[in-house]
Amino acid sequence: MSAFLHDDTICALSTAAGGAMAIIRVSGKDAIVLSDTIFRSPRGKSIASACSHTAHYGEVVGKDGKTIDDVVALVFRAPHSYTGEDTVEFSCHGSRYIIDRVLQTLINHGARQARPGEFTQRAFLNGKLDLSQAEAVADLIASTNNATHAMAMSQLRGHFSHQLAQLRDQLLHLTTLLELELDFSDQDVEFADRSELLSLAEETAHRIDTLSRSFAKGKALREGVAVTIIGKTNVGKSTLLNRLLNDDKAIVSDIHGTTRDVIEDTTLLHGVAFRFIDTAGLRDTTDVIERMGIERTYKKLDEAVIALWLTDQPPTFEETLEVLQHAEGKKLIAVVNKTDLDNTPYDPLAHVPDEKRQSIPVIRISAKHGDGIPQLEEAIFTAADIPSVTENDIIVTNIRHYEALTAAHSSISKVVSGLRDGLSGDLLSEDLRDCIDHLSEIVGGAINTEETLGNIFSHFCVGK
């Protein structure tokens, strides 16, 4: 890791621009001394000699000696800081002009503008966070609801890392036993019963598989549970989308085929993000553009977890069959719209086979006036079947973690198969080592190129 340590001093705005107050962070070997050159205390006290974790009121001054702003300087001495380096955080007024002046003054005295994610990258390189915890910082900043916040906090607090550490210790124990046998192969010594090794390997494989399977749930919670609205033209799909989003997102018209492309947006239900997707109306058409929209409808339906089948009159057998075929494997909710009109009530599931009817809830609404919308939202939330997420839950949300877990599961599965088939210890040990390496990638133990780390941290915002 030493190849990645930087001796220069970096600075950046660490709070969102536009607020009443702003925090400018300075970190590096010379951060405190450099900051002291632009800081002036009314009592003449130098922050270069200040104790760690102390706050000091004063001014930031430019090269001309004129005051730029009144500030509070927080001093953190290595290794007891976010980055593990000497750090100073200036709290100043949120004026863009003031922020730029302070940053430029720091740069004029030898600091460098920090790259995206560079503070957190230094925290990782200096052992303050492992890589999965560092990535959780970006997830925490991007969290938009209770579920994504809880998942990010769980990862930041090291719950995922702790689980991985347990798995690695278990795998190392397996490897040690097998490699000891190799050292004493000429004496025909067996350090562990093969049935016990198999049981341990199967348990490890199950735990890794459980973690990787949680990715589907984590992805849905992070990006929003996909809900597709399908139905014939002019049944009120766009009106329903606007009602669910509380926004005029889609154009509403009495003209058939108005929606020719996919329209989607996200909203919260009980603190969980749902991604609602309005699609082109299903009908036979010779319009090439509209036909493309219908084809996209079916593609979006493939991505969805839940499908809202919207009707305003009894569907035919053929229409029902088409919807059931394309909604196979999805949670289907039948939604009868336009109940505000004087229409004769009908059963939208009249042509649905009896064995499927009980699994399809029927909700009657008026998308135009909002009648039945609360009941529909409850049905959607229930269909998503998402248990409450706490900070103690371990849910994988990062595609890099998922790919590493998938590779680790493949390796440990080979070990399980090898133990069952009586393979030699040297072959089993090789697959075990591969599994350990894949798990180590998640926390950063097997990542040793600056290009790879740069790619990971480049997605962070500047100042973090």
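Colleague: Where do H5 and H7 stand to each other, in axis distance and crossing angle?
Modeller: The axes of helix H5 (residues 146–156) and helix H7 (residues 194–223) come within 8 Å and cross at roughly 125 degrees. Axes here are lines fitted to C-alpha atoms, for helices over the stretch in contact, with angles from 0 to 180 degrees between N-to-C directions. Helices (H or I, at least four residues) and strands (E, at least two) are DSSP runs numbered from the N terminus.

Colleague: What do you call that arrangement of H5 and H7?
Modeller: H5 and H7 are oblique to each other, because angles under 35 degrees count as roughly parallel, over 145 as roughly antiparallel, 65 to 115 as roughly perpendicular and the rest as oblique.

Colleague: And which residues meet there, between H5 and H7?
Modeller: From H5 you have Ala147, Thr148 and Met151, and they meet Gly218, Leu221 and Arg222 of H7. Contact means heavy atoms within 4.5 Å. By class, the H5 contact with H7 has 3 nonpolar, 2 polar and 1 charged residues.

Colleague: Before I go on, what should I know about the model itself?
Modeller: This is a predicted model, where local features need pLDDT of at least 70 and side-chain atom pairs count only at pLDDT 80 or more, while totals for chains, interfaces and linings use all residues. Residues are numbered from 1 along each chain as its sequence is written, and side-chain values use heavy atoms, with hydrogens and water left out.

Colleague: Switching to Gln133, is that buried or exposed?
Modeller: Gln133 is buried, with a relative accessible area of 15%. Buried means under 20% relative accessible area, exposed over 50%, and partly exposed in between (1.4 Å probe, protein chains only). Gln133 sits in helix H4 (residues 131–142).

Colleague: What does the side chain of Gln133 reach?
Modeller: The backbone oxygen of Leu156, at 3.0 Å. Skipping neighbours within four places in sequence, Gln133 is in contact with Gln155, Leu156, Arg157, Gly158 and Ser161.

Colleague: Now Ser366, where is that found?
Modeller: Ser366 is in the loop between strand E13 (362–364) and helix H12 (373–384). At 0% relative accessibility, Ser366 counts as buried. A polar atom of the Ser366 side chain lies 3.2 Å from the backbone nitrogen of His369.

Colleague: Which residues is Ser366 in contact with, leaving aside neighbours within four places?
Modeller: Asn337, Lys338, Thr339, Asp340 and Asp371.

Colleague: On peptide bonds, is the one from Ala78 to Pro79 cis or trans?
Modeller: Cis, with omega near 0 degrees. Pro79 is in the loop between strand E5 (67–76) and strand E6 (87–93).

Colleague: Last one, how many helices and strands does the protein have?
Modeller: 15 helices and 13 strands. Of the 464 residues in the protein, buried ones make up 47%.

How values were computed. A polar contact is a pair of N or O atoms within 3.5 Å; within protein, one must be able to donate a hydrogen and the other to accept it, and residues adjacent in sequence count only if both atoms are side-chain atoms. Ala, Val, Leu, Ile, Met, Phe, Trp, Tyr, Cys and Pro count as nonpolar, Asp, Glu, Lys and Arg as charged, and the others, Gly among them, as polar.
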